[in-house]
Amino acid sequence: MKKQWAFLPISAAALFLAACGSSDSADNTDSNNTEGETDLLAEIQEEGTLVIGTEGTYPPFTFHDDSGELTGFDVEIAREVADRLGVEAEFLETQWDAMFAGLDAERFDMVANQVGINEERQESYDFSDPYITSTAVLVVAEGNEEIQSFDDLEGKLSAQSLTSNYAETATSYGAELESVEGFNQAIELLVSGRVDSTINDNLTVLDFQNQRPDAGIKVVDKSDDAAQSALLFRKGNETFVEAANEALAEMIEDGTYEEISNKWFGENVLE
């Protein structure tokens with residue numbers, strides 16, 4: 001069953017206040033005031049460019065194809081959002097652990113990189129409505145018979161991006177962490193025997209196994225809890241977030257989302 005999406009329209013009154021300004025000094029000092037919320041969206045549309053932070057090394061979500069072109073599920077979703085906002089998408093690539101700092105420093109306007117929604121991030125950032133539902137899987141080398149489930153991670157070394165949800169999962173089971181820049185490096189360490197495991201998204205692992213069936217890895221356990229991912233924004237830009245949500249809703253309604261999802265995964269990854 002499809003999830004029900006609820007969206008608030010961009011307030012005409014909010015747009016009027018942003019254009020005309022406010023004489024209320026208290027409103028001007030509020031970091032979440034309507035004027036502040038509208039500025040970024042207006043600036044993006046005036047400049048004609050939406051700057052998007054992404055890794056570019058995380059297939060099938062964001063990576064470079066054989067011709068060197070940046071592509072992937074998240075890249076296509078973000079480009080479609082930009083198009084529906086009437087602007088061009090410009091991608092800035094960075095390592096996962098530097099992505100949040102880059103957003104904070106206003107190097108980009110939003111992040112599209114399968115960012116999982118969790119309470120800690122929600123304290124510092126705003127998310128769009130979810131556009132990916134997935135589960136965490138535990139991956140080990142093909143010959144590893146010692147690790148059969150998450151419960152076997154106690155004292156084992158797991159390759160993880162330190163700021164990811166999967167790092168938290170690994171430590172919750174008692175694993176020690178080996179810091180990596182992304183999924184590809186984690187797999188390299190795993191198949192070379194330098195780490196015992198890695199935890200990642202089931203869709204990423206499935207794509208990797210399809211592309212490299214002889215890589216020598218296997219999935220030994222799967223989380224019972226589904227995780228959701230969304231576009232990431234700085235706090236205080238609610239009008240921009242609402243506009244992105246409207247674009248996502250339109251994509252789902254007119255079939256564009258399902259077309260993109262089927263292209264990369266062979267199924268709808270929101271349901």
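User: Which residues touch Tyr-257, leaving out those up to four places away in sequence?
Analyst: Tyr-257 touches Phe-73, Ile-77, Tyr-131, Ile-132, Met-251, Ile-252, Asn-268, Val-269 and Leu-270. Contact means heavy atoms within 4.5 Å. The model is predicted: local features need pLDDT of at least 70 and side-chain atom pairs 80 or more, while totals for chains, interfaces and linings use all residues. Residues are numbered from 1 along each chain as its sequence is written, and side-chain values use heavy atoms, leaving out hydrogens and water.

User: What makes the largest nonpolar core a core, and which members touch the most others?
Analyst: A core joins buried Ala, Val, Leu, Ile, Met, Phe, Trp, Tyr and Cys through side-chain atoms within 4.5 Å. The largest has 53 residues. Leu-50, Phe-73, Phe-240 and Tyr-257 touch the most other members. Helix H10 gives the largest share, eight residues. A second, separate core has twelve residues, including Phe-100 and Leu-103.

User: How do you know on which side of helix H11 the buried residues lie?
Analyst: H11 spans residues 256-265, and its buried residues are Thr-256, Tyr-257, Ile-260, Ser-261, Trp-264 and Phe-265. They cover an arc of only 135° around the axis, so they sit on the same side of H11. The arc uses directions from the helix axis to the C-beta atoms. Glu-259 and Lys-263 are exposed, on the face turned away from the buried side. Cover for the buried residues includes strand E7 and helices H4, H9 and H10. Helices (H or I, at least four residues) and strands (E, at least two) are DSSP runs, numbered from the N terminus.

User: Why is the pair of Phe-61 and Phe-73 called edge-to-face?
Analyst: Rings of Phe, Tyr and Trp (its six-membered ring) pair with centres within 6.5 Å; planes under 30 degrees apart are stacked, over 60 edge-to-face, the rest tilted. The whole structure has twelve aromatic pairs. Phe-61 and Phe-73 lie 6.4 Å apart, centre to centre, with 80° between the planes, which makes the pair edge-to-face. Phe-61 is in the loop between strands E1 and E2 and Phe-73 is in H4, so the pair ties parts twelve residues apart in sequence. Phe-61 is at 0% relative accessibility and counts as buried.

User: What makes the pair of Phe-73 and Phe-265 a link between distant parts of the chain?
Analyst: This pair is edge-to-face too, at 5.2 Å and 65°. Phe-73 is in H4 and Phe-265 in H11, 192 residues apart. Both are buried.

User: What makes a residue part of the lining of the largest pocket, and how many residues line the pocket?
Analyst: A lining residue has an atom within 4 Å of a pocket point; a pocket is an open set on a 1 Å grid, where a 1.4 Å probe fits, with protein on both sides within 12 Å along at least five of seven lines. The lining has 31 residues, with Ala-136, Ser-164, Asn-165, Tyr-166 and Ala-227 nearest the centre. Strand E11 gives the most, six residues. The volume is about 490 Å³, the space filled by probe spheres set on the points.

Conventions. Buried means under 20% relative accessible area, exposed over 50%, partly exposed in between (1.4 Å probe, protein chains only).
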